[in-house]
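User: I would like to go through a model with you and ask about some of its side chains. Please load it first.

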Amino acid sequence: MVLYKLEDFEPNYQDNFDGHDIKGLGVYTQGTDEKIGTVSDVLVDEEGHFRYLVVDLGFWIFGKKVLLPLGRARIDYNVDRVYTVGLTREQAEDLPEFNERQTLDYDYEERVRGVYRQPGDYTPIEASAALDPLAPPVAPLPTTPTYARDSYTYENEPSLYGVNEQDHQTLRLYEERLIANKRRQKTGEVTIGKHVETDTARVVVPVERERVVIERVTPADAGTAVSGREADFREGEVARIEIHEETADVRKEAFLREEVRVRKVVDQDTVETQETVRREELDVNSGNLPVEER
């Protein structure tokens, strides 16, 4: 069973006590109203349950700190006091001193519990018989139960660790508050795709085409006689000229035209709503009795 200091377990522990701080409260004996010390700290278990008050016995025993089980304490915030239930000076002297630098183990707690388990106000059987031989026999006191290290729980001894509801009466007032949460839901879907459209593209290509032009001209020396050697008559002589023309060679190529980037943006908006909430208020009917509220 591991114990923690209250502030180490819950740094904002005062919020659970309406701003009250149990540390620093004076500790008094119940009945005699004698101050015996001051609460210097609180020890809680792993679930946050109060188990011990660390009491500085500066008024009784100088410089000694001891553990006071919660079941033996009554906290009264109206007067900022803690009253001990059945703690005597003798018990305080027998309690082992609490040292913050030492680890609290089962053996140490058993030493503490052993002191509080000691019977308080009773007369032993042998002493009562010696004082009054004619007195009726007294039933023997119940023996202190024994506990095992592995099976012990604080619930085994409610007299030491149980909260006395009669001594710690609390009236809790409740109120309702609006808790605003957000729920994400789908409002629609945007589909982005692509399709192919056809169009007619026109292109003008200049081309060249060759053709034969035959010109007949009369030379300047026409009609002049030529010798037989110059007059070379050849039958079947042919002149060949190649004719060319250009034709349009049109083909298609694909080019990147543009990119389309798709992303989402978040627009901020504020939605205001209202609801009726309830709150409990305290009604005090004291008649003519004086009542002080803090």
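User: To begin, is Arg-51 buried or exposed?
Analyst: Arg-51 is buried, with a relative accessible area of 6%. Buried means under 20% relative accessible area, exposed over 50% and partly exposed in between, with a 1.4 Å probe and protein chains only. Please note that this is a predicted model, in which local features need pLDDT of at least 70, side-chain atom pairs count only at pLDDT 80 or more, and totals for chains, interfaces and linings use all residues. Residues are numbered from 1 along each chain as its sequence is written, and side-chain values use heavy atoms, with hydrogens and water left out.

User: Which side chain meets Arg-51 in a salt bridge?
Analyst: Glu-155 does, with an N to O distance of 3.5 Å. A salt bridge here is a side-chain nitrogen of Lys or Arg within 4 Å of a carboxyl oxygen of Asp or Glu. Arg-51 belongs to strand E4 and Glu-155 to the loop between helix H4 (125-131) and H5, so the pair ties together parts that are 104 residues apart in sequence. Glu-155 is exposed, at 56% relative accessible area.

User: How are the helices and strands assigned?
Analyst: They are DSSP runs numbered from the N terminus: helices are H or I with at least four residues, and strands are E with at least two. The protein chain has five helices and seven strands.

User: Back to salt bridges. What is the count?
Analyst: The count comes to 18. Among them is Lys-65 with Glu-100, whose closest N and O atoms are 3.7 Å apart. That pair links distant parts of the chain, with Lys-65 in strand E5 and Glu-100 in the loop between H2 and H3, 35 residues apart. Lys-65 is partly exposed at 24% relative accessible area, and Glu-100 is partly exposed at 44%. Salt bridges that share partners also join Glu-109, Glu-110, Arg-113, Arg-117 and Glu-157 into one network.

User: Which residues of H3 are buried?
Analyst: Tyr-106, Tyr-108, Glu-109, Val-112, Arg-113, Val-115, Tyr-116 and Arg-117 are buried in H3. Their cover includes strand E4 (50-56), strand E5 (65-69), helix H2 (89-94) and helix H5 (158-161), where contact means heavy atoms within 4.5 Å.

User: What span should H3 have?
Analyst: At 1.5 Å a residue, the 12 residues of H3 (106-117) should span 16 Å, and the end C-alpha atoms are 16 Å apart, which agrees. The expected span is 1.5 Å times one less than the number of residues.

User: How many aromatic pairs are there?
Analyst: The search of the whole structure finds six. Tyr-152 and Tyr-154 have ring centres 6.3 Å apart and planes at 80°, so the pair is edge-to-face. Tyr-154 and Tyr-161 are also edge-to-face, at 4.6 Å centre to centre and 70° between the planes. Rings of Phe, Tyr and Trp (its six-membered ring) pair if their centres lie within 6.5 Å; planes under 30 degrees apart count as stacked, over 60 as edge-to-face and the rest as tilted. Tyr-154 and Tyr-161 are both buried. Tyr-52, Tyr-106, Tyr-152, Tyr-154 and Tyr-161 form one aromatic cluster.

User: And the backbone: what is the phi of Asp-33?
Analyst: Asp-33 has a positive phi of about 60° although it is not a glycine. Asp-33 lies in the loop between strand E2 (26-29) and strand E3 (35-44). Asp-80 has a positive phi of about 55°, again without being a glycine, and lies in the loop between strand E6 (73-76) and strand E7 (81-84).
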